[in-house]
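This briefing goes through a predicted model.

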Amino acid sequence: MLELLSFEFMQRAFAAGLLVAVICPVIGTFIVVRRLSMIGDTLSHASLAGIAAGMLGGFYPLLGALVFSIAAAIGIERLRKKFSQYAELSISIVLSAGIGLAVVLISLADSFNADLMSYLFGSIIAVSMLDIYIILTLSVIILVSVRLFYKEFFYISFDEEGAELAGIPVSALNMYFTVLTAMAIVVSMRVVGMLLVSSLMVVPVACSMLISKSFKNTIVISVAVAVLSVLIGLFTSYYLDLAPGGSIVLTSVLMLLVVSVAKRVFRMQ
Amino acid sequence: MGADIVKIENIVFGYGKTNVLDGVSTSIGDGDFMGIVGPNGSGKSTLLKIFLGLLKPQKGSVRVFDTDISKFNQWGKIGYIPQKATSFNQGFPATVEEVVSANLYPKVGLAGTIGRNHREKVDNALRTVGMLEYKKRLIGRLSGGQQQRVFIAKSLVSDPRLIFMDEPTVGIDQKSEESFYELMDFLNKEKGITLVIVTHDIGAIDRRVNRVLCLSEGRLHEHDCTLDQGTDKLKEDYEKHNRALITHRH
C-alpha cells in the first residue's frame, strides 16, 4: 500500500502537498470571512501571466509568478480604496488585466504550451527539489507572519474601522496580507494548478465553518480537512491514475458534502 | 463636571457644497454623561467621526486629552461603538471571547502576545456587562441586546476613559434598552467613564444624561441639564428642532 512512498518523486509530492494543505486554509480563513473568496482566482490568473513571462524571458517561472501576483495584489489593494463600496470590483479589474496579459504572453510563443499545462492543472509529481525549497521558504514566511500578526489580521477581518481606531496600521497590514496571499497562491500552483488553487483556499474553510466553534477552531479544522484532502487525493490519483490536482480538490468538495449531510442528519436526531 | 478631555472649536465639515457642520464648538468634560440629539441627517454621526479622527474637518480644531487629534496616539483611552456594531457579518465564526480580546491591541501592541493578565481583563469586562457565561459562544448566535453588551465589553478591555456610542439602542427591545441604560449608569457613576451617546430618540436618554446637546442646521446647541429644566421642557425644545426649525431658533 505504501510502496508509492519509496519513490522520491512521490516523497516530494507529499512534502509539497502537505505544506500547501497547511498554508492555503490558514490564509483562506481570513479571505473567506472577509468575503473576498474570488481573490485567489484573480491572483492565480495574474501569476499565469508571470509564468508565461518567465518562460518567454528564460527565468524561473515561479519567480515570474511571484512577482506578477504580488504586483496584482498591490493593484487590488490600491483599487479597493478607490472603489471602497465595491470591493469585488477591484478583484474583477485585476482578474481581467491578468487574463489579458497571460493570453498575450502565451500567444507570443507557442513552444512552451506543454509546460504551461503543468501550471494550469498542477504537476505535483514533477515537483523538483528547487520547487520544494521555494515552497518551504514561502510557507515559513506565511506561517510566521500569520502567527505574529494573528490578532491584527483577526481584528481587521472582523471590524476594519474598529481596528483602525484601536491604532492598528490597517492599510499596511492589508497590503502585507494580500502579498502573503499572492505567495500562498504561487506555492500552491505547482501542486493543484492555477485553475484549482483558490478552491484549496476556500473549500476546506467552507467545510470547517459548518462545524467550527471559534475562529481559531475554524483554522485548525480547515487545515485538517485540507491535509486529509491532499493525502486521500494523492493516493487516489496514484492508484487510479487520475490528475492529482483535480483529485485533491474533488476530495475536499466531497468532504464538504459529507460534513454538510452529517450535520443535517445529526441535527435531525 | 471635570476638566475638558475633548474640545472642538469652529468645526466646519461638508459633503460637496453643503456644510453639515457649520462652526460647531463644544467640549466634553471628564465624567460627563452626554447625549447628542438631532433629527436624522443632522450630522450627528459625522460629528462623532470627527471626535474620533475618522473624518477630518475642513476647518476647526479637535483636541483630545490635551493633544491635537492628528498627534493623538493613545486610542485605548477612547472606546467607540458604531451604529452598525451589531450589523456585522452574523456568520463570522468568532467567539465572544475572541471578539472582546481583539481590542486588547492598544494594550499589547503590534505583534504582541496576549498573556494571562490580558485574559483576566477580558473576563472582567465580560463580567461587568453580565456576559461572562457566554464567553465561548459564537457572537452571531447571540441576540441584538447581548451583542450590544459584548461590544461594550470589547471597548472596556482597553480601559477607556471615554466611550462614544452611535444610536446604541436601535434594533434592541425595550427590556434590553432598560438594562443597557442601567449598565451605562454603572459605567459612568461607578467606573467614572465619560459617556457620549448620539441618538435621534431624546425620550430614551433625557432622564439619564447630565448634558444634552442638540444638533440642528449645522450648529450645536447646549440645553441646560434636564434636572434644571425638566424633561418636558427639553422635549419641547427638541420637538421644535425636529419641525425643520421653522419656529425654533437659538
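In chain B, residues 24 or more positions apart account for 70% of the contacts with a separation of 6 or more. The model is a predicted one, and the points below are grouped by topic.

**Chain B**
- Chain B contains 9 helices and 10 strands.
- Of its 250 residues, 44% count as buried in chain B.

**Contact between chain A and chain B**
- Chain A contributes 19 residues to the contact, and chain B likewise contributes 19 residues.
- On the side of chain A that touches chain B, the elements giving two or more residues are helix H7 (150-158), helix H8 (160-165) and helix H11 (215-240) of chain A, and H7(A) gives the most, with 5 residues.
- Sorted by class, that side of chain A has 11 nonpolar, 4 polar and 4 charged residues.

**Packing of H3(A) and H9(A)**
- Helix H3 (residues 61-82) of chain A packs with helix H9 (residues 170-192) of chain A at an angle of about 150°, their axes lying 8 Å apart.
- Because angles over 145 degrees count as roughly antiparallel, H3(A) and H9(A) are roughly antiparallel to each other, and H3(A) passes H9(A) in a right-handed crossing.
- Among the residues that make this contact are Leu62(A), Leu66(A), Ile70(A), Ala73(A) and Glu77(A) of H3(A), together with Met175(A), Val179(A), Ala182(A), Val186(A) and Met189(A) of H9(A).
- The residues of the contact of H3(A) with H9(A) divide into 15 nonpolar, 4 polar and 1 charged.

Note on methods: Residues are numbered from 1 along each chain as its sequence is written. Chains are lettered from A and ligands numbered from 1 in the order in which they are written. This is a predicted model: local features need pLDDT of at least 70, side-chain atom pairs count only at pLDDT 80 or more; totals for chains, interfaces and linings use all residues. Axes are lines fitted to C-alpha atoms, for helices over the stretch in contact, and angles run from 0 to 180 degrees between N-to-C directions. Helices (H or I, at least four residues) and strands (E, at least two) are DSSP runs, numbered from the N terminus. Angles under 35 degrees count as roughly parallel, over 145 as roughly antiparallel, 65 to 115 as roughly perpendicular and the rest as oblique. A crossing is left-handed if the near helix is turned anticlockwise from the far one by less than a right angle, and right-handed if clockwise. Two residues are in contact if their C-beta atoms, placed from the backbone, lie within 7 Å. Ala, Val, Leu, Ile, Met, Phe, Trp, Tyr, Cys and Pro count as nonpolar, Asp, Glu, Lys and Arg as charged, and the others, Gly among them, as polar. A residue is buried if 20 or more other C-beta atoms lie within 10 Å of its own, exposed if 12 or fewer, and partly exposed in between; C-beta atoms are placed from the backbone.
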